[in-house]
Amino acid sequence: MKSSMLFTLASAASTVLASTPTERISMAPKGFNFDFTVGAAYFMTNEASGNYLVSSSVGADGKLTLYEAVYTGGNGAHGLPAPFGVDGLFSQGSVGVSPAGRFVANVNAGSNTVSVHAIDISNPAQLWPIGKPVSSGGEFPNSLAINKAGNRVCVVNAGAVNGVSCYKFNLSQGLTPIPNSIRSLKLNQTTPANGPANTPSQVIFSADEKQLIVSVKTGNGYLAIWDINTDGSLSSTFSTVSGGALPFSMIYIPGENAIFIADPGVGYDVFNLDSTKAKTATISVPVAGQGAICWSTYSPQSGNFYLMDVRNSIISEVNVGKSLNSTIVKQYPLGTDGPLDTAVATVGKHDFMYTLAAKATGLTVLSVGGPGNLTVLQRIDLVAPAKAAKLTINSTNVQGMATFIG
Ligand SMILES: *[C@@H]1O[C@H](CO)[C@@H](O)[C@H](O)[C@H]1NC(C)=O
Ligand SMILES: *[C@@H]1O[C@H](CO)[C@@H](O)[C@H](O)[C@H]1NC(C)=O
Ligand SMILES: *[C@@H]1O[C@H](CO)[C@@H](O)[C@H](O)[C@H]1NC(C)=O
Ligand SMILES: *[C@@H]1O[C@H](CO)[C@@H](O)[C@H](O)[C@H]1NC(C)=O
Ligand SMILES: *[C@@H]1O[C@H](CO)[C@@H](O)[C@H](O)[C@H]1NC(C)=O
């Protein structure tokens, strides 16, 4: 309660500075008791006229209740060319959560900035801005990574000035740029970025946090890898690992020095980064009915990966074996949802999947229920609540999904 009050004072000060747009807009249903929620899920509107983080409470049953929209202090953007599709930033990881640091970070592609918000102690759906957004060190930032300790953040930019940039983080000062961490990807790009090909897709820390990895979709895809020095600065140049066609979202395979990657040019790729083991370097696996498999997530409960195909509105569940061989466990048609960014949260012993249903301008909540047993638990419409709250939410622009439990 005490820290909530401190955040309230800090927020009151920033409300005075920000004239338009509105700092916060309630989207909570009247009379809903938020005392019994166990966590929250966050995505962003990514609107050019003002980017808002939209938070929803997670109940003990895994279901969502919309809470509010908070102005990020920056603008969203949509990549080129027109007509615009539902994949505005060509990326995964535009919104990130640090459980250890208890904060949410997001990119503002239209302002070339990164914002951070503290997660309230008593209500995880309540966010408090920490300072002002900071420069992303380039143009059209589209993805960010947070280390496990929750005191480092790195961003990748996809525009004319593209590449990575890293920051120290603490709750009192927010983000502080780390010297010698702005590094170019040397892509010939424009601002806004022209994609999806020829753009970076996601930035992640390696499992040991000694390297920074960016997936780049070029037709002949690759990972760009920088070494991270002890002071947080980056090696001046990057090394590359080739593979896949349009490598998009990345997830480390538990217990392996290998990355599972959604690839809309193929289906998915498995990149093996451990040259000491006799495993194939990179394997690209076609997925039946592949339309645009770009986003992915992993469930500890099922031990499986899930691929989101936005074009055909299908989730494919994949199991990866010890020798990095893999099989498609099951495919789930999702009607007209059009799944984009997705996050899995563990509530008690159960995993739930929170998906941005871009084509439906909504959210889809699924219950993992063990291997091969994914079921839709809840669908939330965003159109009517946004209209009632006078908040612009457009299916072609919405991006990001991250959760916090605790
Ligand atoms: C927060 O980070 C800034 C910049 O690195 C630093 O100057 C400041 O001392 C830190 N504050 C705390 C409380 O750690
Ligand atoms: C960059 O791309 C533009 C547009 O395709 C092209 O005209 C230009 O020659 C390229 N520049 C370089 C240095 O490759
Ligand atoms: C991987 O290969 C092993 C040995 O052939 C097999 O037992 C296992 O089921 C396979 N796993 C997957 C996920 O295909
Ligand atoms: C499938 O998951 C549901 C919960 O979503 C659970 O009630 C059911 O027992 C599970 N079925 C199997 C066969 O594991
Ligand atoms: C949604 O955004 C797209 C551009 O991203 C624009 O063309 C379209 O008119 C917008 N739709 C509404 C209802 O505002």
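Thr72 counts as buried, because its relative accessibility is 4% (buried means under 20% relative accessible area, exposed over 50%, partly exposed in between, with a 1.4 Å probe and protein chains only). This is a predicted model: local features need pLDDT of at least 70, side-chain atom pairs count only at pLDDT 80 or more, and totals for chains, interfaces and linings use all residues. Residues are numbered from 1 along each chain as its sequence is written, chains are lettered from A and ligands numbered from 1 in the order written, and side-chain values use heavy atoms, leaving out hydrogens and water.

**Around Thr72**

- Thr72 sits in the loop between strand 4 (64–71) and strand 5 (95–98). Strands are DSSP runs of E, at least two residues, numbered from the N terminus.
- Beyond its neighbours within four places in sequence, Thr72 contacts Asn51, Tyr52, Leu53, Asn106, Asn108, Ser115, His117 and Pro133. Contact means heavy atoms within 4.5 Å.
- Leu53 is 19 residues from Thr72 in sequence, yet their C-alpha atoms are 6.5 Å apart.
- The Thr72 side chain reaches the backbone oxygen of Asn51 at 2.8 Å.
- A polar atom of that Thr72 side chain also lies 3.2 Å from the backbone nitrogen of Gly74.

**Nonpolar cores**

- The largest nonpolar core has 45 residues; Met27, Phe43, Ile315, Met353 and Ile393 touch the most other members. Such a core is a set of buried Ala, Val, Leu, Ile, Met, Phe, Trp, Tyr and Cys residues joined through side-chain atoms within 4.5 Å.
- Strand 27 (residues 339–347) gives this core its largest share, five residues.
- Not counting residues up to four places away in sequence, Phe43 touches residues including Tyr52, Leu53, Leu356 and Ile393.
- A second, separate core holds 37 residues, among them Phe103, Ala109, Ile146 and Tyr167.

**The disulfide**

- Cys154 and Cys166 form a disulfide, with sulfur atoms 2.1 Å apart. The cut-off is a pair of cysteine sulfur atoms within 2.5 Å.
- The torsion about the S-S bond of Cys154 and Cys166 is about 105°, so the disulfide is right-handed.
- Cys154 lies in strand 11 (residues 152–157) and Cys166 in strand 12 (residues 163–170), so the bond ties together parts twelve residues apart in sequence.
- Both Cys154 and Cys166 are buried.

- Four strands form an open sheet in the order 19-20-21-22, with antiparallel pairing. Two strands pair if DSSP finds at least two bridges between them.
- Strand 19 (250–252) and strand 22 (282–286) are at the edges with a single partner strand each, so one side of each has no neighbour in the sheet.
- Strand 21 (residues 267–272) pairs with strand 22 over five bridges.
- Tyr268 has Val285 in strand 22 as its bridge partner.

Terms used:
Polar contact = N/O pair within 3.5 Å; in protein donor to acceptor, adjacent residues only side chain to side chain.
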